[in-house]
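Here is a short briefing to read alongside the sequence and the 3D view. Have a look around first, then come back for the details.

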Amino acid sequence: MNPDLVHFIVTVAFSFLIGLEVKTYRQRFHPDRPQDFFGTARTYTFVGILGFVFYKIDPVHLTVYTAVLVGLTLLYTLFYHQKLIDHRQSILLFLVMLCVYAFGPLTLISPLWMPSLLFVLIVFILNARKAIHRFTLGINPYEFETLGKMILLSAVILPLLPDERIVPFIPLSPFKIWLAVVVISAISYGGYIVQKYFFPQKGYFLTAVVGGTYSSTATTVVLARKAKQAGCRPLVDASIIAATAVMYLRLLVVALVFNLQIAETLALPFVVMAIFGFLFAAFFLKRARQEGETTEFVDKNPLELGTALVFATLFVMMMVLTQYVTKEYGSGGLEIFSFVVGFTDIDPFVLSLLTGKYDITMPQIAAAVMIAAGSNDLLKAAYALWFGGWKRCYRSAFFVTLLGIGTILWALWLEHII
């Protein structure tokens, strides 16, 4: 079949279907105001045909195509003037008509998926009125600013940075340093969005699981405080342990992104620890009598420009310190350093291990990551007791401590066996 004929058939079919969709939209949302709408299914079909024919006549200068577009716009202006008199202002259907007018040129100069995608988007957006309205009512306007920060970090700053070493004692280029910041920020931001907008009131346990993707430490502190205020001890115990289990999977994902060889070494111990953590959590979850309990979780976005800059600074500092420790004190010094760092934010340290080049073996680097994760578990156990109290959180603190000690012992065994 002639390609032009195929393009013409596609244009007519999509234009007609959009016209039918507009009619359905009118009957569904405005059955009492037919005068609000400009054109019928036949009108939209002819608009699509006009766009195809007049683009085909002059595809270079687009003189006739533009003139017809101006004519349609003037015609709609008369209609819109009447709408303003009746105190109605929507131009949605005019925008849809402009999309239909573009079907012809689009089918001629683009692959079939492009006009098909445009057709699908028009249909979905027309039918998503109520869903979009609910979304706009439920979303925090601050989130748009945060999304802008994420785009600034990844699509603006990152491509501008040089991908070559500038400072001699820093083994990474500014591009790779900032790439680490972007990856961690994206994981944290994604976990926050999922927790807040997809599972905002699904109970302590599910909230903790999702919260653990961006900060198991912060999750532990919040849940311990909730336990002190509201009780629900078995459910809180399960949630705190589950957040720690998720931390192991999160660190494994980070390792897979930056250093596949270390990730292969960490896969077995981290997966085993995560499984044990979820088993411990399931034990307490089974005992919980208030599984439907909801919680107001941390409503603080982890993605801040100041936080990203601090993280980048800590990342570079940890890389320099790790390089110094491994050079001066070897693997033994790195073990002690890893244990101490575990009582702080371990992400910069873990990334420095995954991305740097040191005079130690891969198993020793993997062991250092495990030691840091284990000592961080000890920190979370201490936080649980401090913020939740001994009586309410001693169970979760005990099992998180078991995970931490088990991780550290496995790391020491791994370093000396492999």
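Leaving aside its neighbours within four places in sequence, which residues is Phe349 in contact with? In this predicted model, Phe349 touches Met318, Thr322, Leu334, Phe337, Ser338, Val341, Ala368 and Ala372.

**A helix pair**
- Helix α15 (residues 347-355) packs with helix α16 (residues 362-388) at an angle of about 175°, and their axes are 10 Å apart.
- Angles over 145 degrees count as roughly antiparallel, so α15 and α16 are roughly antiparallel to each other.
- On the α15 side the contact is made by Phe349, Val350 and Leu353, while α16 contributes Ile365, Ala368, Val369 and Ala372.
- The residues of this contact divide into seven nonpolar, no polar and no charged.

**Nonpolar cores**
- The largest nonpolar core has 58 residues, of which Tyr248, Leu266, Phe270, Phe349, Leu351 and Leu353 touch the most other members.
- Among the elements that give two or more residues to this core are α8 (142-160), α12 (233-258), α15, α16 and α17 (390-417).
- Helix α14 supplies the largest share of this core, 10 residues.
- A second, separate core of 23 residues includes Phe14, Leu72, Phe103 and Val123.

**Val22**
- Val22 sits in helix α1 (residues 3-29).
- Buried means under 20% relative accessible area, so Val22, at 4% relative accessibility, counts as buried.
- Val22 and Ile122 are 100 residues apart along the chain, and their C-alpha atoms are separated by 9.7 Å.

Note on methods: Residues numbered from 1 in each chain as written. Predicted model: local features only at pLDDT ≥ 70, side-chain atom pairs only at ≥ 80, totals over all residues. Heavy atoms only, no water. Axes fitted to C-alpha atoms, helices over the stretch in contact; angles between N-to-C directions. Helix = DSSP H or I, 4+ residues; strand = E, 2+ residues; numbered from the N terminus. Parallel < 35°, antiparallel > 145°, perpendicular 65-115°, else oblique. Contact = heavy atoms within 4.5 Å. Nonpolar A, V, L, I, M, F, W, Y, C, P; charged D, E, K, R; others polar. Core = buried A, V, L, I, M, F, W, Y, C linked by side-chain atoms within 4.5 Å. Buried < 20%, exposed > 50% of the residue type's maximum accessible area, 1.4 Å probe, protein only.
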